[in-house]
Amino acid sequence: SNLDRGQIPGLAASGPIPSNSPYWTEHAELRVGFDPAAQGTLSGKEFTIATLNQPEMKQLLQQVKAQLEERGAVIKELYLSIDEFQSKVLREHDFDVALVRQYVGLDPDLYSFWHSSQIDAPGWNIASLKNRRVDKTLEQGRTITNIEERKGIYSEFQQYFLEEYPAVYITHPPVYVISRTEQLVDLPESVTDLSDVFSYIQ
């Protein structure tokens, strides 16, 4: 990998499902490692990274850019308004590299991001991934309710996703719990989205 995810805030990502999710599987770990020997492997490559013109995204782009430039790449920055992002990235898919944020909760429903039916706006499959095996697992993940069966389905999804590798996941966000009392909510490690916190508040 050309990115040292340990230098970027958040839970280092090995794929679309966070490693502390009950639906994450170990084979996804193959993509998270940082190889110092990869430095210089991007020498001479030039591309533009597009992202939203927001402070958090600008900061993340700067961190990614610094690491890639250390490895020889020439990076241009493109900051877009929401309207420009919807037009250029979502509808036209007109970009070299797009730096985007995805929210994946405790239940990793990634249908809108990676199902082939979501390539056209308002879908978020901006990498234009078309894979029947990926589609099938995402469809099954939405219809099957048995937890153990769903774990197997999402394990297959992660395997197929990594075979295609349409996107590089950098980090998954940490969870913050804010309490006005001294007694904090006891959260399991599998909670990966702030919206899931409310399931544990009595």
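Let me start with charge: a search of the whole structure turns up eight salt bridges. A salt bridge here is a side-chain nitrogen of Lys or Arg within 4 Å of a carboxyl oxygen of Asp or Glu. Side chains of opposite charge can pair when their charged atoms come close.

Two notes before the details. This is a predicted model, where local features need pLDDT of at least 70, side-chain atom pairs count only at pLDDT 80 or more, and totals for chains, interfaces and linings use all residues. Residues are numbered from 1 along each chain as its sequence is written, and side-chain values use heavy atoms, leaving out hydrogens and water.

Now some of the pairs. Glutamate 163 and arginine 133 meet through their side chains in a salt bridge, 2.6 Å from N to O. This pair links distant parts of the chain: glutamate 163 sits in helix α5, arginine 133 in helix α4, 30 residues apart. Helices (H or I, at least four residues) and strands (E, at least two) are DSSP runs, numbered from the N terminus. Glutamate 163 is partly exposed, at 46% relative accessible area. Arginine 133 is partly exposed too, at 40%. For these words, buried means under 20% relative accessible area, exposed over 50%, and partly exposed in between, with a 1.4 Å probe and protein chains only.

Which residue does lysine 151 form a salt bridge with? Its partner is glutamate 148, and the closest N and O atoms are 3.5 Å apart. Lysine 151 is partly exposed at 29%. Glutamate 148 is exposed at 55%. Elsewhere, salt bridges with shared partners join Lys65, Glu69 and Glu77 into one network.

Next, glutamate 70 and arginine 71. Their side chains form a salt bridge, 3.4 Å from N to O. Is each one buried or exposed? Glutamate 70 is exposed, with a relative accessible area of 52%. Arginine 71 is buried, at 3%.

On to the nonpolar cores. A nonpolar core is a set of buried Ala, Val, Leu, Ile, Met, Phe, Trp, Tyr and Cys residues joined through side-chain atoms within 4.5 Å. The largest one has 18 residues. Ile17, Leu110, Trp114, Val134, Leu138 and Phe157 touch the most other members. Helices α3 (111-114), α4 (132-143) and α5 (147-164) each supply at least two residues. Which helix gives the most? That is α5, with five residues.

Take valine 134. Leaving aside neighbours within four places in sequence, valine 134 is in contact with Trp114, Leu129, Phe157, Tyr160 and Phe161. Contact means heavy atoms within 4.5 Å. There is also a second, separate core of twelve residues, including Leu42, Phe47, Leu61 and Val64.

Last, the strands. Strand β2 covers residues 46-52, and five of its seven residues are buried, so the rest of the structure largely encloses this strand. β2 pairs with strand β3 (residues 74-80) in the parallel sense, over seven bridges. Two strands pair if DSSP finds at least two bridges between them. Threonine 48 has lysine 76 of β3 as its bridge partner. β2 also pairs with strand β4 (residues 97-98), again parallel, over two bridges. There, alanine 50 is partnered with alanine 98.

β2, helix α1 (residues 55-70) and β3 make a right-handed β-α-β unit. Right-handed means that, with the strands pointing away from the viewer, the path from the first strand over the helix to the second runs clockwise.
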